[in-house]
Amino acid sequence: MTLMTHSVEIRDLDLHFGELQVLHQLNLDIEQGEFLVLLGSSGCGKSTLLNCIAGLLDISDGQIFIQGQNVTWAEPSERGIGMVFQSYALYPQMTVEGNLSFGLKNARLPKPEIAKRVARAAEVLQIEPLLKRKPAALSGGQRQRVAIGRALVRDVDVFLFDEPLSNLDAKLRADLRVELKRLHQQLANTMIYVTHDQVEAMTLADRIAIMKGGRIMQLSSPDEIYNRPQNLYVAGFIGSPA
Ligand code: ADP
Ligand code: MG
């Protein structure tokens with residue numbers, strides 16, 4: 001019997017790009033259904049860590065477990081994860097429905113199952129009226145909803161988001177923040193969300209991991225990060241009361 005305590009476990013993770021060491025002996029346990037935000041300024045290694053979890057980069061040392069499975073050397077498609085990037089690469093020649101169902105058709109899922117998953121994703125993301133449109137006829141916010149939908153239909157345990165809202169204007173960002181929060185409450189999946197935006201982190205996260213130079217400086221609830229920063233770096237970064 002496997003005892004499944006954590007959704008994602010990262011053990012002593014090192015990652016080098018050539019001579020440059022970007023992640024340093026990183027350890028992180030993420031709970032089932034947790035909304036974990038990786039927060040830090042540009043270049044601190046957030047995307048690199050997310051890409052290691054996704055299996056898009058070969059790590060130099062350490063181990064990664066997802067839902068109790070050692071996936072350190074598993075292909076991205078074998079990891080039970082769905083990923084949403086900053087720029088939404090939709091297939092321009094396909095409708096929204098086509099974009100949502102493409103991966104499922106490739107995976108040869110039965111048609112009724114595909115229809116069910118697409119309908120559910122369209123419902124939770126409120127893009128049902130857009131299903132027959134092509135990406136060119138969508139706004140930036142609508143396109144990003146479709147991009148999130150493409151991850152949702154995969155029905156995975158863990159969703160990875162890399163600054164999914166950073167190309168949108170402030171109003172849309174605020175709207176989609178609310179939707180992401182609602183989505184998480186509805187789906188109860190584990191979410192790992194990368195951002196450099198403190199407001200986004202504070203409003204979305206169950207816990208925030210503050211990163212600097214490929215290390216985690218503090219891992220706590222938003223309230224604790226703000227009111228009980230564990231070091232000067234976190235206090236300065238968050239702008240905690242003195
Ligand atoms: P963040 O997402 O926090 O902005 P990244 O993970 O993208 O940071 O980058 C962390 C560090 O790794 C930076 O110094 C960046 O220049 C470097 N880096 C990222 N990707 C590569 C790559 N493919 N090759 C070499 N260096 C890289
Ligand atoms: Mg990044």
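1. Two strands are said to pair if DSSP finds at least two bridges between them, and strands themselves are DSSP runs (E, at least two residues), just as helices are DSSP runs (H or I, at least four residues), numbered from the N terminus. This is a predicted model, in which local features need pLDDT of at least 70 and side-chain atom pairs count only at pLDDT 80 or more, while totals for chains, interfaces and linings use all residues. Residues are numbered from 1 along each chain as its sequence is written, and chains are lettered from A and ligands numbered from 1 in the order in which they are written.

2. Strand β1 (residues 6-17) and strand β4 (residues 61-66) run antiparallel and are joined by five bridges, with Arg-11 standing opposite Gln-63 in β4.

3. These two strands belong to an open sheet of four strands in the order β2-β1-β4-β5, where the pairing is antiparallel. Because β2 and β5 (69-70) stand at the edges with a single partner strand each, one side of each is left without a neighbour in the sheet.

4. Which elements each supply at least two residues of the shell around ligand 1? They are β2 (20-31) and α1 (46-54), and α1 gives the most, with three residues. The residues surrounding ligand 1 include Phe-17, Leu-20, Gly-45 and Lys-46, a residue being near a molecule if its C-beta atom, placed from the backbone, lies within 6 Å of it.

5. Elsewhere, strand β9 (residues 207-212) pairs with strand β10 (residues 215-220) in the antiparallel sense over five bridges, and Lys-212 stands opposite Arg-215 in β10. The two strands form a hairpin with two residues between them, and Gly-213 in the turn has a positive phi of about 55 degrees.
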